[in-house]
Amino acid sequence: MKFTSRRTAAVVGVALAAATLTACTEEAAGDDTGDAGAATESCDPSEVTLVGQVRNESNPYEASWLDGGDAFAEQVGLSQERLTYDGDSTRQQEQISQLLAGDTDCLVMNVLPNGDSDTPPIVEGAEEAGAFLVTQWNKPADLAVTDYDSWLSHITYDGVDSGKQIGDALAEAIGGSGGIIALQGILDTGAAKDRFAGLEESLAGNPDVELLDDQTANFSRAEALDVTKTLLTKHGEDVKGIWAANDDMALGALEALEQAGRTDVAVVGIDAVPDALTAIEDGTMTATVSSDGPWQGGIGLAIGYCVATGELAVEDIAAEDRAWYAEQFLIEQENVGDFVAPETSESDFACDNLFSRSQGAIS
Amino acid sequence: MSTPVVTKPAPDAATVARPTVGQRLTAFMPVIALVVLLAALTVADPSFLTQSSLTAVVRTAAPLVVLAAGATLVVLCGGIDLSIAALCSLGTVLFAMWLPDLGGLTLLAVVAATGAIGALQGLAHVFLRIPSFIVTLGGMSIFGAVALVISDAGPIRVVDREATHWLTLYLAGVLPMAFVVALLVVAVVWTVQRFTPLDSWIRATGYSESAARLASAPVDRVKVAAFTVSGACAGLAAVMLVSRNFSGSPTMADNLLLPAVAAIVVGGTAITGGHGSLWRSLAGALVVTLLRVGLPIVGVPSAYEQILYGAIIVAAVALTLDRSKLLIIK
Amino acid sequence: MNMQIEPEQRATAPVTALEVRGLVKHYPGVKALDGVDLVVRQHEVVGLAGENGAGKSTLLKALVGLVRPDDGEIWVRGEKVRLRSVVDAADHGIGMVFQEQSLVPNLTVAENIVLGSEGLGVRRGVYRWDAMRRLAQEQLDKIGSRIDPLARTDTLTFADRQMVEIAKVLRIEERTSHPPVIILDEPTSVLESKEIDALFTQVRRLREFASVVFVSHRLDEVLDVCDRVAVLRGGQSVGELPTADAAPDQLHRMMIGSTGSDDHYHGAAVEPPAEPREPRLVVRGLCGRTFRDVDLDVHAGEIVGIVGVHGSGREDVCRALFGAEPTTAGEVTLDGEELDLSGTRAACAAGVGYVPAERKTEGMVGPMSVADNMTLTKQEARCSGPLVRPRKQAKLVDTWIQRLSIRTPHRGTPIQRLSGGNQQKVVLARWLVSGDVRLLLLDHPTRGLDIGARSEVYRLMRELASSGVATVLLADSLEEAIGMSDRIVVMNDGRATTEVDAPVGDKPTPLDLVKEMV
Amino acid sequence: MSFRDTGPLIALVVIVGIFAALSPGFRTLSNAQNIMDAAAVLAVVTCGVTFVLMMGSIDLSTPGIMGASAITVALLVANNRNDNELGLLGVALAILVAAGLGCLSGLALVLLKVPSFMTTLGVSAVGLGVATLLFAGVQPNISDGTLSGWAVDRFLGLSTLTWIAVACVLVGWMVQRYTRLGRYAFAIGGAEEVLALSGVNVKPYKVAVFTMAGAFYGLGGVMVTSQLGAGLVQAGRGYDFSAITAAVVGGTLLAGGRGGVLHSTVGVLLVTVLTNGLVLVGVSPYWQGGVQGLIVVAAVAAAVIPQRRRNQVTK
């Protein structure tokens, strides 16, 4: 009796396992959207869904990005769905996969991945669902955009270059020699690493500039304030300059300097946020490198829109325009006036003018 | 003055052994909350209620379910595990690092490693008598640091996707394998709990630790076991995240801590211990996931989304919590 | 003391201070009060007696506004009142000293005394410690206590805390111009005999300026301190007795509604073993935090009582033998084998059982079922292998429910819904279900139980002893210790000082023991 | 004073000693000032959370409430977004908003009977939402002289913010020692049911404690705004757990009924000294979090071990 029941159990178990295996499928059944690859038919312009996704709206740069997206959407008579994931990688993935579970035929996504590692799943998801995707800033170096059909383009700024540019500006500001401290971004991001690599390049070219200390302040103004204060105590008068991986941290460092009563320290950052530009105008900050939020918010959607509506074919996008560095400028007191109010014009987003700001393919 | 002759004159105490309608309803509250929320989202955006959309929700919810299920055991014992998210992040790093060497065994190795780390926390809690809140708060920062150091603070790509491919499959075309695994975890833990003395030990420990100890229930071992399972679940959730993201990263799951605890409480498990179950946490995790992904997808603007999230989560707990078991709400 | 009393009030004929007419209270499935009447006159101590479940606590709760009766009336000095809260009751001059002490442990004595009605002690939300201390001192003076009002309450002894409670309840005098009614709910259940005497002195003092309702399960006490006893049974008033001409038996009969046995301690005397055998439990030179060099022998089938005042260390010895309290030195053997004192699991595995004094917090897990509570300890009783066998468990639990006549609607009922006596029987059954218990350590096993429940516990203890279990008993009262034990060990200041044989027919008197205890 | 009370203080002294021995930069007067300044915001926030913990509740609403008050104050004092120039009145209004949010957690706790863990989590999300709404995409920078002066002006070597923190600790201690609110918060943690039996309605006190805690967080948010010269939605990020850690390390019991503002302040100093010392000693930024976690556990363990009892309940 016992024996038979055990045999029955075994049979049932094997049967179940077999059923399980045969029932496994690569993708969910249901909507017939996923005919992998870019949709061959073009969408009616009014059917295109535009989605912009950034970390949060409580950051001026990213808020301006979404506003740029809205401006573009308005230009083509649509509206943009604004998504934010609060700097939470898992939440970003969750939102994307939920988005892709809906109607993806004419979906255009302009996404700021939270970190390098967040890009592959987004790309694969979009590819599978056939949604048009443009990513910005973060991408693993070995992931090639040209391997995909739905992933139209990846845009970023050359972090190594910007890190080096402001490093050089800082070296110049402190007279070519002296100690500096560096405030790193979130350690787990490509931007932070590239920018720091740029600083190291700059240091190599300025042998008399000494890096006294580097600490992370996680791209945060508040953390930069505390870290800078502590480092100022540690190194005292030796600190001649502060290199920050973004403007928010540079602004935090400025506050720390003010509180410590130090006016002899040069500060540089990256991103050209409005407050930093004001500080450069006032002369309290030395330099920053521009990145253009409103343009980034618009251009990603524009590329997707042009492809979705058939005005541009994926095959026609040159390989060097699939992953490219956008134009950036070193902003110092002399030229700050040109950047205080960044403007985008409709012509920036015209389908035949999409890649005008390219500084070359990402190497 | 009467002179009755019966020996036991008092009326037989409470003849009600069966749960009342209200009590039965409380047991199903998490599911009711889930259905109501789903209905509300559908009203807000009718296209939300599609099969593929629901499939995506459960797929998304899988790691959260596993995390919450493990931590539920600790909560049932009257403690709390704040380290699950950091441990899960560490798990993703370990998985990505070990995969090239260990191949198919990596999953087991990661689950075993995180389980062992969980056990270590349990031992520290039990033998040093440090409140679990502190032990796991410390664990949270320690695991975060370890993950940062061994990964060199960067994501580690997983090249060999075959190892986690099975988790991305769909059972019968609709059920994501990850969710099936999550269901299995809940079912297995629940079954083990249900059919062994563990269930009564855990509840006794949660309701009244000193009574359980004086009844010679193996309180210390039960607690260590709960932390071990919680750790192992964090490892399994880590594998699920890796299968989704094709990489491990030292901060990948850090933001899942509060959603996981919220899932447990929304499910109606008492944060003070004793009362609750893993099934409730399953429903809770689905509610939290719906809130996290559903609100923005149906088009609630970011600022209002947070306000709504805050309000709904409090309302959901107000619904699901069985207050008859709790005298004082702290 | 009693400065507030106007002489003529005391002189006049007894005025009714409080009257209860036909009070009814239903709970789901139970009629807790079924038409209770009670009259309390001024300057009178009224005892309230009744078995557990007779409705005493519900009646008291109704009197202080914690329970709203479904029917019936409460009259205070000729005025019909509706009591909605403790404050309401206090405004009408009714206050209660609760059975479970109701002091906040981490506040000072002064704060506890004025808690909820700080009066001058707080001005616009700000404490004025001087005024508060004075207020508290006034109350403490009323009962002639010397407790420091600024001491933290959790540093006081149990008896002192009881005094603080009484001082606290006397605050209601300030809310009413009339003499108050003070309710004492089981005030003696955790006091030692000396402390009880002090309490009784207080009760007699209280009578000078207040009325007192005194509830105790110890009938001798009730008869001792009260002027009159009202008896409740099954939620009904079954009558009252003037204490002057009442005997405990008479009262007992009224309570249980039949003639109980005269001496509830000794059912049947156990034949002492013919020849002295090796003792089952041998303790030599046991030392711990609160006790030193304790020697103790307990034979199989023997009940050994340990008596001592608070601080004698007897509770800790008991817990140490169960592995729940660390020891620093000493040898303990059980049936010749060394007993592992490293933890409760080891003790349990060796066949030692322990019933803690704090039933509600240490003895049972309130929200869990009778069955789960009963089988929490011995896994073999409900499992085969690692798996729980629900049917096996149910059968066993039902057997023991029947054997110990535990009154519960169902084995799945949460134990907290049972009456105290039935709860205690479940806790005891926990050690019996596997049938391998060799030594039982009973720490106040009858605390808070009524007579009926107590005699059942006594009967059970006897049965276990006659089946060969060795028992160590920390009794609730000296009488209980004397009545139940075959031998009594007196502990004094952490040492076992004296041993007194107490065979049936040759029992020592309480006085003999008290001399040794202090 | 028992060991439990003095333990954290001893730990503080020991850690200060170790860092002083290891790092010359640590032993300077300017670093001492630095530590005090860095501890200011955390001290104020911890004051608030201490009262909640004393009741045995928990409060995770700090990030949301601080964010809301930071943005509110930045928009109400002289700033680059609008023409408001309310000065100190703006500060008061921001604190009022924060107190209102705190009140909301308290009300949800007593009216809906939802555990504080969840109500405060919810209120935190609400606070962040309100902050994001007010933020509206443009960083409000303050130009109000008084407010930005708080972070810069010094008196006896310490910035005004630090003196505000000192005042808060004093006020907190007075509230705890001399007001009914403070003593009842303490009593609620000790034996809530007894208060009810004594005829005290604890609900208003619970709401009041959460409201007061909210006000403290609000002041914390204002202080962060003063430090940074701008209103940030993320002004309170991380303060929830660091404040609770500081309070617990200082000897305030999570279960309630023990500890207090002074204990917590010792905890705040301990945590701040650790952060500061680790950077000065040159511990890799990767490891800092871990070392901090380890030391916190060790500190609590050292305080707990001497009082270990068998059969003791640890949650």
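## Two arginines of chain C

Helices, of at least four residues, and strands, of at least two, are DSSP runs numbered from the N terminus. In this predicted model, Arg124(C) sits in the loop that links strand E7 (122–123) to strand E8 (126–127) of chain C.

Arg77(C) lies in the loop between strand E4 (71–76) and strand E5 (79–81) of chain C. The phi of Arg77(C), a residue other than glycine, is positive as well, near 45°. Arg77(C) counts as partly exposed, with 17 C-beta neighbours inside 10 Å. Most residues other than glycine have a negative phi.

## Contact between chains D and B

On chain D, 48 residues are in contact with 48 residues of chain B. Helices of chain D that each supply at least two residues to this side include H4 (88–112), H8 (180–197) and H12 (285–304). H5(D) provides the largest share, 15 residues. By type, the side of chain D that touches chain B has 27 nonpolar, 16 polar and five charged residues.

## Annotated spans of chain B

An unreviewed UniProt entry lists "transmembrane region" for several spans of chain B, among them residues 224–243 and 255–272. In the model, residues 224–243 of chain B are 100% helix and 0% strand, with end C-alpha atoms 29 Å apart. Residues 255–272 of chain B are 56% helix and 0% strand, and their end C-alpha atoms lie 23 Å apart.

Note on methods: Residues numbered from 1 in each chain as written. Chains lettered and ligands numbered in written order. Predicted model: local features only at pLDDT ≥ 70, side-chain atom pairs only at ≥ 80, totals over all residues. Contact = placed C-beta atoms within 7 Å. Nonpolar A, V, L, I, M, F, W, Y, C, P; charged D, E, K, R; others polar. UniProt positions renumbered as here; feature names shortened; annotations may be inferred. Buried ≥ 20, exposed ≤ 12 C-beta atoms within 10 Å, placed from the backbone.
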